[in-house]
Amino acid sequence: MKKWMISLAAAPLMIAGMNTAAAAEESIAILDGMKVSGEIRPRYEMADVKDNGLDTANAFTARTRLAVEGTLLGLEGLTAKVGMTSVNNFGYNDYAPQDATYDLILDPQQAILTEGYLAYTAADTTLLAGRSFVNLDDQRFVGTVGWRQMERAYDTVTVVNKSVEGLTLLGAWVYGYQGVNSNPTTDTGSALLNVNYKAGDALTVSLFDYMLADIHDTYGVRVSGVVPVEGIKFDYAASYAMQTDATLDYALDTAPKIDASYYDVALGANISGLIAGAEYEVLGDASGSSTKGFTTPLATLHKFQGWADVFLGRTAGSNNDGLADLSVKLGYAAPGFGKVLGIYHKFDALSGVNKDLGSEFDVMYANSVPGVKDLAFLAKAAFYSKGDTGNDVTKAWLQLDYKFATK
């Protein structure tokens, strides 16, 4: 699929013009109840990988997003949405891939169509076809990587049913995805199945089977919830998954052999704004005839294994020795004050010679900007210390985020 390089400013004008012309000549509006939404997110990012022969990277980028949606041709239940995202570099841009002599910051300048779909809803069932954002459960297995300036978008045919109260059934055929970096659309023929039942705040259960073509099948269960006890809000989450050989096997000679498991247990508490918690997550190593261990190539990986992103390649596609991540967090959040959070990670391999994979300390502060509606501020940093191998890594970010939407 070719990139759409239409100006973000021109897209709503084109649609508005189509509506005006249609209304004047045929008295038919292409989009009824048109809503416009958007985002402007400027960010400064620094990345420094010690002793790797490259210079410290600095980047000042901005994400601009604009989307238009509404009822199509006046037909009840039929909606359409078109949205574009543009990433631009301003000032600092001394980083890879712009310049290979610098450390990597994965926000190249680009503009693509990130939303473009038709959706039809009848009773409690929605059928969607086209490009959209797909985030399932905690995004551990399927997500959009919204942290990066160019978010991943999926080309799908998706069916969602909510006939039973609290129960959401989702089935999606994924035929492509694009985003994060400047690579063209990745063609695929994958299937996503997700069953989510929310019994209340105290219990949500998800069953899933994600069949990624020529990569692997991932199936498992996740439970989570929030339980208040005498003024304390306890939260918990637990997941277990298995990976096996790909059911959707098109490249018969190249599909890997997979036999690996995953589990995650997290407990937390909020006491009048004081946040505390601990988590233990394990991506299993290769066992039996496996060619690699447990991997999650379509996850929002920045949410997991530390913000320094040291293990991106390992958890996305190259993980033979497994990865165990023990983390603890402490923070505080209150209206007006904002949120401050610190997280400590200890990483270890499950097998192999070099089992000490290092540690990391992450810290962040976020708040709304006083006096400016819908404008948020974020500052965060990640400090990774190497283990038996690797390099120390330091990263830092300063960001503003302004979102708007018409009613």
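This is a predicted model: local features need pLDDT of at least 70, side-chain atom pairs count only at pLDDT 80 or more; totals for chains, interfaces and linings use all residues.
Residues are numbered from 1 along each chain as its sequence is written, and side-chain values rest on heavy atoms, with hydrogens and water left out.

The largest nonpolar core comprises 20 residues. Such a core is a set of buried Ala, Val, Leu, Ile, Met, Phe, Trp, Tyr and Cys residues joined through side-chain atoms within 4.5 Å; buried denotes under 20% relative accessible area, exposed over 50%, and partly exposed the range in between (1.4 Å probe, protein chains only). The residues with the most contacts inside this core are Leu 136, Phe 141, Val 142, Tyr 154, Leu 192, Tyr 210 and Phe 294. At least two core residues come from each of strands S6 (153-161), S7 (167-178), S9 (203-212) and S12 (259-271), and S7 gives the most, with four residues. Strands (E, at least two residues) are DSSP runs, numbered from the N terminus.

When its neighbours within four places in sequence are set aside, Tyr 154 is in contact with several residues, among them Arg 131, Val 142, Val 174, Tyr 177 and Leu 298; contact here means heavy atoms within 4.5 Å.

The structure holds 17 salt bridges, each defined as a side-chain nitrogen of Lys or Arg within 4 Å of a carboxyl oxygen of Asp or Glu. One of them pairs Asp 155 with Arg 131, the closest N and O atoms being 2.7 Å apart. This pair links distant parts of the chain, with Asp 155 in strand S6 and Arg 131 in strand S5 (residues 125-132), 24 residues apart. Asp 155 and Arg 131 are both buried.

A further salt bridge joins Arg 140 to Glu 281, with the closest N and O atoms 2.6 Å apart. Here the partners are 141 residues apart, Arg 140 in the loop between S5 and S6 and Glu 281 in strand S13 (residues 274-283). Both residues of this pair are likewise buried.

Asp 245 forms a salt bridge with Lys 257, at 3.6 Å between the closest N and O atoms. Both partners lie in the loop between strand S11 (232-244) and S12, so the pair ties together parts that are twelve residues apart in sequence. Asp 245 is partly exposed, with a relative accessible area of 31%, and Lys 257 is partly exposed, with 46%. Finally, salt bridges that share partners join Glu 39, Arg 63, Arg 65 and Glu 151 into one network.
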